[in-house]
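Trainee: Before we start, could you take me through this structure slowly, giving the rule behind each term as we meet it?

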Amino acid sequence: MACRVQLSIPNGLWFSSSPFSNSINFRFRNRIFLRKTYQCWNTRRYGGALYCTCSANNGGGSSEKFVLTTPLYYVNAPPHMGSAYSTIAADAIARFQRLLGKKVIFITGTDEHGEKIATAAAARGSSPREHCDVISQAYKALWKDLDISYDKFIRTTDSKHEAIVNEFYSRVFANGDIYRADYEGIYCVNCEEYKDEKELLENDCCPVHLKPCVRRKEDNYFFALSKYQKQLEEKLLQNPDFVQPSSRLNEVQGWIKSGLKDFSISRASVDWGIAVPNDPKQTIYVWFDALLGYVSALLEDKEIPDLQHAISSKWPASLHLIGKDILRFHAVYWPAMLMSAGLDLPKMVFGHGFLTKDGMKMGKSLGNTLEPTDLVHRFGSDAVRYFFLREVEFGSDGDYSEERFINIINAHLANTVGNLLSRALGLLKKSCQSTLPVDSIAAAEGNTLKDTVEKLVEKARSHYENLALSSACEAVLEIGNAGNSYIDKQAPWSLFKKGGADFETAAKDLVIVLEAVRIIAVALSPVTPSLSFRIYTQLGYTEDQFCGVTWSHTAWGGLKAGQVMAQPQPVFARIEDQSEQDGGSEATKKTSKKKEKTPKSKKVVEA
């Protein structure tokens, strides 16, 4: 079935039908951003991202499901780079799993209840619902700009979600795990959480938000978390992979070992929330509410909103991807809640690290916030996605600096990948009329580059499967480095001039290099989907063929004799830093007008 696919291409471009194999030509115009929509078979459009569903049904794939979630982002403020990072990582994982042929359900969304939301709305002079509508839409807009291919976007103000929360609460209540009691403690409004006094900083300041907490006394409903301490200990002992990376597992084991305390799951002083089923004067605690978004999101639009329909054939989640600051809620509270309700636990909770800028924690008071929308508009989605996934070891903290961003993107995407493709296509056009003279399999008989590429592809797959996204990018980039070394060593431009057998050797060398670039496009597509698409069309493939790509297409042998390449055009423009020229203005992205020596990629020490 045909449907519409939308791509956001940096620098602006126009499409025109090519007389060669229905390929697409690209022409770049500096610093112009256009968005083109065109037809593609077996594709779906989520948030404006290119997402090909045919990969789930061919290429040796299976019907195995893979359900992954980002956090449901709190809508007290517009999205920031931290939430963008979580979602970019989740999208890369989802795209890789689709390449394997799995039936992926990628869930994201917004958490829209609680005291902090009501306060933020009042400060804007709007109702909580109006405020939530605006911020939730801002998340969707950013996901569109970042080519996020989500399948489900859940809002905790959706009526189907409220129905799931009510039924889940009733199950836990019926199991005897909810009771009423008075509670007095130190409360952080920003965390929406009562704090242990020994956690606090001077003047009762929250260690996360560095703001004073307040003492509160309330008549609330409590969840009997302590009842599940032994079960949680046994879960982590039997399945240490449940919490990853290992540093996060150690944190969780420490919390449990120190003794779990029952926690309040209702608020008497908060109006903006879901009413407690057995006491409408109170509202359900925002975390008890929001965690269930992972379940309510699984409901189809016209399904009866109950737990049975939500979990049928879809639950449990394969992966909850979260920031380390919300690890306790996902790795301690949530599993215990599911145990109480008689539902299966997710297979893994992965807590990634924090981002800093120029070595400093980001904050509005410091004037060093990193706005994801600004980054995408200046540099394009592929550059943003690649930098944060390649330069931040997944699970660890990572740092952003604009100088390193520009250096890495130019060295890796513009030079190592883009320039290799341009060199090979230019020579092929000049000497072979852009037509492949031989199959890539025949061209590579006895060739060591083919062996190198195959080993690196297996390496990349293993890293993707183990959520080592930075290492996966590194392995794919090594294919580009090997291709550049090969073309420099073989010097086909000289062999073409000699003619005869040397001409044939040079032609085969170009086919070998272009096959390596084709494989790069497939293997890097989870991280840079738009760039991969542009590479594929330059190699003479149609949209339909790109949409049919699976991981099996990383096998050597895709390019065939007689295949006509598109007219050579840059697939990724260099970023030029204008700071030295105009006294520190923002870096702008434009095509370099002079040839530059390809720099070696810099080793970046990760925080």
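Trainee: What makes methionine 360 the bridge partner of lysine 357 in S21, and how do the strands there pair?

Mentor: In this predicted model, where local features need pLDDT of at least 70, side-chain atom pairs count only at pLDDT 80 or more, and totals for chains, interfaces and linings use all residues, methionine 360 in S21 is the bridge partner of lysine 357. Strands (E, at least two residues) and helices (H or I, at least four) are DSSP runs numbered from the N terminus, and two strands pair if DSSP finds at least two bridges between them. Residues are numbered from 1 along each chain as its sequence is written, and side-chain values use heavy atoms, with hydrogens and water left out.

Trainee: Why are strand S21 and strand S22 said to stand at the edges?

Mentor: The open sheet has three strands in the order S21-S20-S22, with mixed pairing. Strand S21 (360–361) and strand S22 (398–400) each have a single partner strand, so one side of each is left without a neighbour in the sheet.

Trainee: Why is threonine 157 called buried?

Mentor: Buried means under 20% relative accessible area, exposed means over 50%, and partly exposed lies in between, with a 1.4 Å probe and protein chains only. Threonine 157 has 15% relative accessibility, and therefore counts as buried. Threonine 157 belongs to the loop between strand S9 (152–155) and helix H4 (159–174).

Trainee: How do you know that the side chain of threonine 157 makes a polar contact with the side chain of glutamate 112?

Mentor: A polar contact is a pair of N or O atoms within 3.5 Å; within protein, one must be able to donate a hydrogen and the other to accept it, and residues adjacent in sequence count only if both atoms are side-chain atoms. The side chains of threonine 157 and glutamate 112 make such a contact at 2.7 Å, and a polar contact of 3.3 Å joins the side chains of threonine 157 and arginine 129.

Trainee: What makes serine 434 and alanine 491 worth a remark on phi?

Mentor: Most residues other than glycine have a negative phi, and most peptide bonds are trans. Serine 434, not a glycine, has a positive phi of about 65°, and alanine 491, also not a glycine, has a positive phi of about 45°. Serine 434 is found in the loop between helix H13 (402–432) and helix H14 (440–443), and counts as buried because its relative accessibility is 3%. Alanine 491 is in the loop between helix H16 (469–490) and helix H17 (492–498), and its 16% relative accessibility likewise makes it buried.

Trainee: Which peptide bond is cis, with omega about -5°?

Mentor: That bond joins glutamine 244 and proline 245, and proline 245 lies in the loop between strand S13 (243–244) and helix H6 (246–257). The peptide bond from tryptophan 315 to proline 316 is cis too, with omega near 10°.
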